[in-house]
Amino acid sequence: MSTLNAAITGCGVIGRTHAVALREFPEVRIVALIDAIPAAAEALADFIEQQGGGRPALYTTQAEAFAAEDIHLVALATPSGLHIQQSLEVLAAGKHVVIEKPLDVDLSRAQEIEAAAKEAAGKGIVASVISQHRFDQSSVAVSRAIADGRFGKLTSAIASVAWWRSQGYYDSGDWRGTWAMDGGGALMNQGVHTVDLLLWFMGRPVEIFAHTARLAHERIEVEDTAVATVTFENGGLAVLHATTAAYPGLTVRVQLMGSEGSAVVDNDRLQYFHSRDTGGASADMGLQGGGNQADEELAKYPEEDYKAADPTVYPAGHVRQYRDILAAIAGGKQPGVTVSDAVNALAAVRSVYVSATLGQPVLFEDVLAGKYNDLEVHTGSTAAESA
C-alpha cells in the first residue's frame, strides 16, 4: 500500500475533525498544516502528536507548503468564503482536494471550481466536498431503496432542521451571520447537508418558492428561519425548513413518502422504513402501525465499531466519506460526492434566498444559469426587514 501525503489548510475546530478522520487510515500521513494564524497550526500539530502521530511541518500559505513538501491530498477546513481560491490553487498544483461544506458562499464562483474539478478529473485528480450524511447507513438504506424502486413513485418529502443557536454563537465571530463570509444563515450553514440529502433522494428541483426571516436574533444580516416549497422533475413535492431559532433545539428530520413505501430519518437514525415489496405486518396505520421494517433494513449492513458516537469526539461521518474518497483516488474513479453535487445544493439554497428576496417562485435552472447573479439577496421580503 503506497503512502498518501496529506495537508490540512485551516487548523481550527473543523481542521481537527479532518485530522482525526485522516488518522483512521494507515495509508495516509499528515505531512503539513497550513494556517495564516501560526498558533492555530501549532495547536493542531500538538494535538496530532498527543494522538500518537508524527508532527507535521507548519506553513502559513499553501504555496509555501506545496514548494516544500510532497503533498498528494489537501483538506480545506477554512471559512466558506476562502474555499474557491484555495481549491483552485490545490487543483492547479495537481493535488486531490477535499473541501469542507458548504462549497462556497457565491454560486458563480462555485461554478469556477466545478469547471476546474471536471478538468482535473480528466487527469485522475479527485475533488470532493464534505457531505458526510450521505454515508450514514440510514441514508444509504433509503437511497438504495429509491434506486431499486421500492418506494414506488416518490410523491413528497419533508426536510427540517430545527436547531437553536444562541446570540453568543453569532457574536463569537465578526464573520458569523454575514452574507459575505457565512453566505447565509440557518439554511446555508446548518441546513445545507439536509438540502443535499433532499436533492439526493428526490432528484433535480424545478421550482422553489420561499420565505426567510430573522426572528430570534439580532446583529446578524442573514436569516435564522427559512421555509420553502420545492417541486422536482419527478413530479414530487417537498417542504424545506431550517431554523436556528428553535429553542432548545429539536432534530434534523427527513421524511420521504412514496406510492409503495416511506421512510423517516431522524437525527441520522432510520426511525421508520416500510416498503410494500417485503410484505410482513400490516402498515395500514404507518408509523402507528406494525409495519416498521427499519431494523430489518439496517441489519443488511455490517455493524460499525466506532470508539464514540459523539461527532465532536469521533467524526464517524467524515471517516465514512474519507473511505469513499480514498477508494476513488486509489481506483481512479469519481467520489460519491462530486463538486457538481455541491454546486446543486448551493444553487438550491441560493434559489431559496432569491425567491424570498423577490417574493415569488423561481426556477432552479434560472438560478443555476446565473439569471440572478447580480441580485443582492436579503433576509425577509423587503430590504427594510433585513436591516
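Colleague: Is R219 buried or exposed?

Modeller: This is a predicted model, in which local features need pLDDT of at least 70, side-chain atom pairs count only at pLDDT 80 or more, and totals for chains, interfaces and linings use all residues. Residues are numbered from 1 along each chain as its sequence is written, and side-chain values use heavy atoms, leaving out hydrogens and water. A relative accessible area under 20% means buried, over 50% exposed, and in between partly exposed (1.4 Å probe, protein chains only). The value for R219 is 56%, so R219 is exposed.

Colleague: What is phi of R219?

Modeller: R219 sits in the loop between β8 (205-213) and β9 (225-232); strands (E, at least two residues) and helices (H or I, at least four) are DSSP runs, numbered from the N terminus. R219 is a residue other than glycine, yet its phi is positive, near 60°.

Colleague: Which class of accessibility does N267 have?

Modeller: N267 lies in the loop between β12 (261-266) and β13 (269-275). N267 is not a glycine, but has a positive phi of about 50°. With a relative accessible area of 41%, N267 is therefore partly exposed.

Colleague: What separates the C-alpha atoms of G359 and A210?

Modeller: G359 belongs to the loop between α12 (339-358) and β14 (362-363). G359 has 44% relative accessibility and so counts as partly exposed. Along the chain, G359 and A210 are 149 residues apart, but the distance between their C-alpha atoms is 7.7 Å.

Colleague: Where is P248?

Modeller: The peptide bond joining Y247 and P248 is cis, with omega about 0°. P248 is in the loop between β10 (237-243) and β11 (252-258).

Colleague: What is omega for the peptide bond from K101 to P102?

Modeller: P102 lies in the loop between β5 and α5 (107-121). The bond from K101 to P102 is cis, and its omega is near -15°.

Colleague: Which strands stand at the edges of the open sheet?

Modeller: Six strands form this open sheet with parallel pairing, in the order β3-β2-β1-β4-β5-β6; two strands pair if DSSP finds at least two bridges between them. Each edge strand has a single partner, so one side of each is left without a neighbour in the sheet. The edge strands are β3 (57-59) and β6 (127-129).

Colleague: What angle does the direction of α1 make with that of β1?

Modeller: Helix α1 packs on the sheet and touches β1, β2, β4 (73-76) and β5 (96-99); contact means heavy atoms within 4.5 Å. Axes are lines fitted to C-alpha atoms, for helices over the stretch in contact, and angles between N-to-C directions run from 0 to 180 degrees. For α1 and β1 the angle is about 165°.

Colleague: How are α1 and α11 placed relative to each other?

Modeller: The axes of α1 (residues 13-22) and α11 (residues 316-331) come within 9 Å and cross at roughly 60°. Angles under 35 degrees count as roughly parallel, over 145 as roughly antiparallel, 65 to 115 as roughly perpendicular and the rest as oblique. The two helices α1 and α11 are therefore oblique.

Colleague: Which residues of α11 make the contact with α1?

Modeller: On the α1 side, the contact involves T17, H18, A21 and L22. On the α11 side, the residues are H318, V319 and Y322.
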